[in-house]
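Visitor: I would like to go through this model and ask what stands behind each label. Please set the values against the cut-offs.

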Amino acid sequence: MSSRSTIAIVGFGGRFAARAARFAGRRLARRLRTSMKSALPTSLWLTLALCGSAFAQLAPAAPAEMISNYRLQHGEERVTSDSTLSRIAHEQAVAMASKDVLDHGVLGPFSSRVASSKSERAAENIAYGYDSFSKTLGQWIDSSEHRKNLLMHGASKVGVASAKSARTGRTYWAMVIAGGYERSRSASPSAKPTKSPRTEQACRMKVLGLCL
């Protein structure tokens with residue numbers, strides 16, 4: 001009896017210990033899952049933040065900003081991107097890419113193409129070869145005539161576009177820079193002064209410039 005009882009007590013203690021261990025294991029597993037769930041969003045957020053920061057650091061500057069930086073280094077004012085000039089540049093780049101030719105006149109004279117910008121003066125740079133604008137800008141800077149257009153005095157707006165040739169894979173670039181918008185507005189003919197109806201009615205006869 002005593003030996004059996006002892007064995008039974010030992011067996012019960014073993015089952016109790018096993019159950020206690022399983023219970024403790026379940027609690028530990030729940031705690032670990034909760035900890036992982038709470039930590040995962042934080043780690044994911046940190047990863048996304050770091051990736052976004054790296055992307056922002058590696059993203060190239062916009063063409064207008066790059067041109068402005070070059071102009072500021074040479075004493076000229078900053079230029080801003082303009083939708084009309086960007087459209088003109090885009091049409092030029094697409095036309096050159098479709099015909100696979102580097103030519104200012106592929107769509108007609110530049111003066112007629114840029115007329116819609118309503119600017120007093122404008123210039124155009126074109127190029128092909130590089131996929132990145134930074135290298136294309138370097139080409140223009142190394143050319144005296146293209147550099148002169150980049151540093152146009154009084155320029156305030158710019159448009160840049162590129163297009164790739166389906167036949168050769170060349171990337172064609174076009175830049176249109178313009179200025180003198182204020183002068184063109186002030187030079188527009190003002191409305192002619194109208195004569196007062198009272199004056200017309202009162203003056204029925206003029207003799208030697210005198211109103212009678």
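Visitor: Which residue takes a positive phi in the hairpin of β3 and β4?

Guide: Glycine 169 does, with a phi near 80 degrees. The hairpin has 6 residues between its strands. Note that this is a predicted model.

Visitor: What makes β3 and β4 a strand pair?

Guide: Two strands pair if there are at least two bridges between them. β3 and β4 have 9 bridges, in the antiparallel sense, so by that cut-off they pair. One of the bridges joins alanine 161 to alanine 174 in β4.

Visitor: How do you know that β2 pairs with β4?

Guide: The cut-off is again at least two bridges. β2 and β4 are joined by 8 bridges, and the sense is antiparallel. Here alanine 122 stands opposite alanine 178 of β4.

Visitor: Why is β4 described as largely enclosed by the rest of the structure?

Guide: Because 9 of the 9 residues of β4 are buried. Buried means under 20% relative accessible area. In a regular strand the side chains alternate between the two faces of the sheet. In β4, Thr171, Trp173, Met175, Ile177 and Gly179 point one way, while Tyr172, Ala174, Val176 and Ala178 point the other way, and all of them are buried.

Visitor: What is the figure for buried residues in the protein as a whole?

Guide: Of the 212 residues, 26% are buried. The secondary structure comes to 8 helices and 6 strands.

Visitor: What makes a set of residues a nonpolar core, and which residues have the most contacts inside the largest one?

Guide: The members must be buried, belong to a list of residue types that includes Ile, Phe and Trp, and be joined through side-chain atoms within 4.5 Å. The largest such set has 18 residues, and those with the most contacts inside it are Ile67, Phe133, Trp140, Val158, Met175 and Ile177. At least two residues each come from α2 (63-73), β2 (121-128), α5 (133-141), β3 (155-164) and β4 (171-179). The largest share, 4 residues, is supplied by α2. There is also a second, separate core of 17 residues, including Ile88, Ala93, Val106 and Ile126.

Visitor: What does phenylalanine 133 touch, leaving aside its neighbours within four places in sequence?

Guide: Phenylalanine 133 is in contact with Pro63, Met66, Ile67, Trp140, Val160 and Trp173.

Visitor: How many aromatic pairs are found, and why is the pair of phenylalanine 133 and tryptophan 140 called edge-to-face?

Guide: The whole structure has 3 aromatic pairs. The ring centres of phenylalanine 133 and tryptophan 140 are 6.0 Å apart and the planes are at 70 degrees, so the pair is edge-to-face. The cut-offs are centres within 6.5 Å and, for this label, planes over 60 degrees apart. Both residues, phenylalanine 133 and tryptophan 140, are buried.

Visitor: Why is the pair of phenylalanine 133 and tryptophan 173 called tilted?

Guide: Its centres are 5.5 Å apart, with 55 degrees between the planes. Under 30 degrees would count as stacked and over 60 as edge-to-face, so the rest, as here, is tilted. This pair links distant parts of the chain, with phenylalanine 133 in helix α5 and tryptophan 173 in strand β4, 40 residues apart. Ring pairs link Phe133, Trp140 and Trp173 into a cluster.

Visitor: How do you know that the charged end of lysine 157 sits over the ring of tyrosine 181?

Guide: It lies 4.3 Å from the ring centre, against a limit of 6 Å. The definition also asks for a position within 35 degrees of the ring normal.

Visitor: Why does serine 165 count as buried?

Guide: Its relative accessibility is 4%, and buried means under 20%. Serine 165 is placed in the loop between β3 and β4.

Visitor: What makes the approach of serine 165 to aspartate 100 a polar contact?

Guide: Their side chains are joined at 3.4 Å, and the distance limit is 3.5 Å. The side chain of serine 165 also reaches the backbone nitrogen of arginine 167 at 3.3 Å.

Visitor: Is glutamate 76 buried or exposed?

Guide: Glutamate 76 counts as buried, because its relative accessibility is 16% and the cut-off is under 20%. Glutamate 76 is in the loop between α2 and β1 (80-81). Not counting residues up to four places away in sequence, glutamate 76 touches Arg71, Leu151, Met152, His153 and Gly154.

Key: Residues numbered from 1 in each chain as written. Heavy atoms only, no water. Buried < 20%, exposed > 50% of the residue type's maximum accessible area, 1.4 Å probe, protein only. Contact = heavy atoms within 4.5 Å. Polar contact = N/O pair within 3.5 Å; in protein donor to acceptor, adjacent residues only side chain to side chain.
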